[in-house]
Amino acid sequence: MRLEEQSEIRKASAGTVFLLIGTVCFASKSIWIKCAYEMGAEPDVVLLYRQLFAVPLFWLIFLLYRPPIPDGMKKGDLWRACVAGVFCFFLSPLFDFIGLNHVSAMVERILLMSCPVFMIGFNACRDRKMVSIQDLFAVLMVMIGFFFALGGWNAELFQANMIGSAFILLSSAVYASYLVLSGRLVHQIGGIRLNAYGMTAAGAAMMLYTGIKAAIGMNTPMTAYPLAVYGLFVFIAVVSTVIPFVLMLEGIKRIGALRAATISMAGPVLTIFFGALFLGERLQLTQTIGCAAVFIVITGIEYRKLKTGKKE
């Protein structure tokens, strides 16, 4: 075997390992957040500390990679990156963290898979085109899957999941709008720069949000937790936020975005496994059927996009 072929094999193997580890780290996010909740932390506090610890690390990544300024980048692009960051790193996770306080990590991860469904609707509105019959059928199947995942005809279980699921679906919709609005922005300024500016803007928005809550008498306790909880905040910021970004970045450089996206599809399955293993969560049979239906349909949508090379 030639040296060039050996080098390519090592490069592809390293990229695959990076992406697998990154997928595992990201899939564990909901588990660690639920652990923080069980230790008494509130959703706002978890998100705020996650951002406070993640922002300097993203800027460290920016300095280490030193991404070149893309040709044709305008000053307005950086402001758009900040606005996109508020959607991606503040509003979407805020709704997600609040919802996760009311539902299991398993259900939360499946509900977050609704993002492609929202993108179908948003892109249809943006392009002023009718949604295809195939996409309409997929959306209908996902909605039926969600119905069973939330409890189906078990009225008590369904009602218990309603508030949390509403917030999580709202989080997914916000993230879908971010993807639609910032799809070209990633190519214009680069993912590293977009994340650094976006996370900084989101951190500022989160601090403003916390300040407004304090001003109207809804104080968020910031220093009332044991030291172990703050260690968990650091862990959430580093292991389930920053490290996955770096590993996926390096993995994509080695094996390409299409293969990386295929590997990352294992994330929801891993979250469900982690929820059962570490949190003792269990799904009823109807919920399992609903989650399986959503996973199959959404995976099919994403696979079709990968196969045809379609970009949203």
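User: How many residues does helix 4 have, and what does it reach from its first C-alpha to its last?

Analyst: Helix 4 (residues 75-100) has 26 residues and reaches 37 Å from its first C-alpha to its last, close to the 38 Å expected at 1.5 Å a residue. The expected span is 1.5 Å times one less than the number of residues, and helices here are DSSP runs of H or I with at least four residues, numbered from the N terminus. This is a predicted model, in which local features need pLDDT of at least 70 and side-chain atom pairs count only at pLDDT 80 or more, while totals for chains, interfaces and linings use all residues. Residues are numbered from 1 along each chain as its sequence is written, and side-chain values use heavy atoms, with hydrogens and water left out.

User: Where does helix 4 bend?

Analyst: Helix 4 bends at Pro93, by about 30 degrees; the bend is the angle between axes fitted to the seven residues ending at a residue and the seven starting there.

User: Switching topic, how many salt bridges does the structure hold?

Analyst: The structure holds six salt bridges, each being a side-chain nitrogen of Lys or Arg within 4 Å of a carboxyl oxygen of Asp or Glu. One of them joins Lys29 and Glu108 at 3.8 Å, N to O. This pair links distant parts of the chain, with Lys29 in helix 2 (residues 29-38) and Glu108 in helix 5 (residues 105-112), 79 residues apart.

User: Are Lys29 and Glu108 buried or exposed?

Analyst: Both Lys29 and Glu108 are buried, and together with Asp96 they are linked in a network of salt bridges.

User: Which residue meets Asp77 in a salt bridge?

Analyst: The side chain of Asp77 meets that of Arg80, at 2.4 Å from N to O. They are three residues apart in helix 4, so about one helical turn separates them. Asp77 is buried at 3% relative accessible area, whereas Arg80 is partly exposed at 44%.

User: What about Arg254 and Glu250?

Analyst: Their side chains also meet in a salt bridge, at 2.6 Å from N to O, and both residues lie in helix 10 (residues 227-255), four residues apart, which is about one turn of the helix. Arg254 is partly exposed, with a relative accessible area of 29%, while Glu250 is buried at 14%.

User: How many disulfides does the structure hold?

Analyst: The structure holds zero disulfides, a disulfide being a pair of cysteine sulfur atoms within 2.5 Å. Cys88 is in no disulfide, and the nearest cysteine sulfur, that of Cys115, is 9.9 Å away.

User: Why is Cys125 too far for a bond?

Analyst: The closest cysteine sulfur to that of Cys125 is in Cys115 and lies 15 Å away, so the distance is too far for a bond. Cys125 counts as exposed at 63% relative accessibility, whereas Cys88 counts as buried at 12%.

User: Last one, which residues make the nonpolar surface patch?

Analyst: The patch, of about 420 Å², is made by Leu208, Ile212, Ile216 and Met218. Leu208 is found in helix 9 (residues 191-215) and is exposed, with a relative accessible area of 55%. Patches are made of residues with over 30% relative accessible area and no salt bridge, and nonpolar side chains (Val, Leu, Ile, Met, Phe, Trp, Tyr) are joined within 5 Å, like charges within 9 Å.

Conventions:
Areas by Shrake-Rupley, 256 points an atom, 1.4 Å probe, with all protein chains shown as cover. Helix = DSSP H or I, 4+ residues; strand = E, 2+ residues; numbered from the N terminus. Buried < 20%, exposed > 50% of the residue type's maximum accessible area, 1.4 Å probe, protein only.
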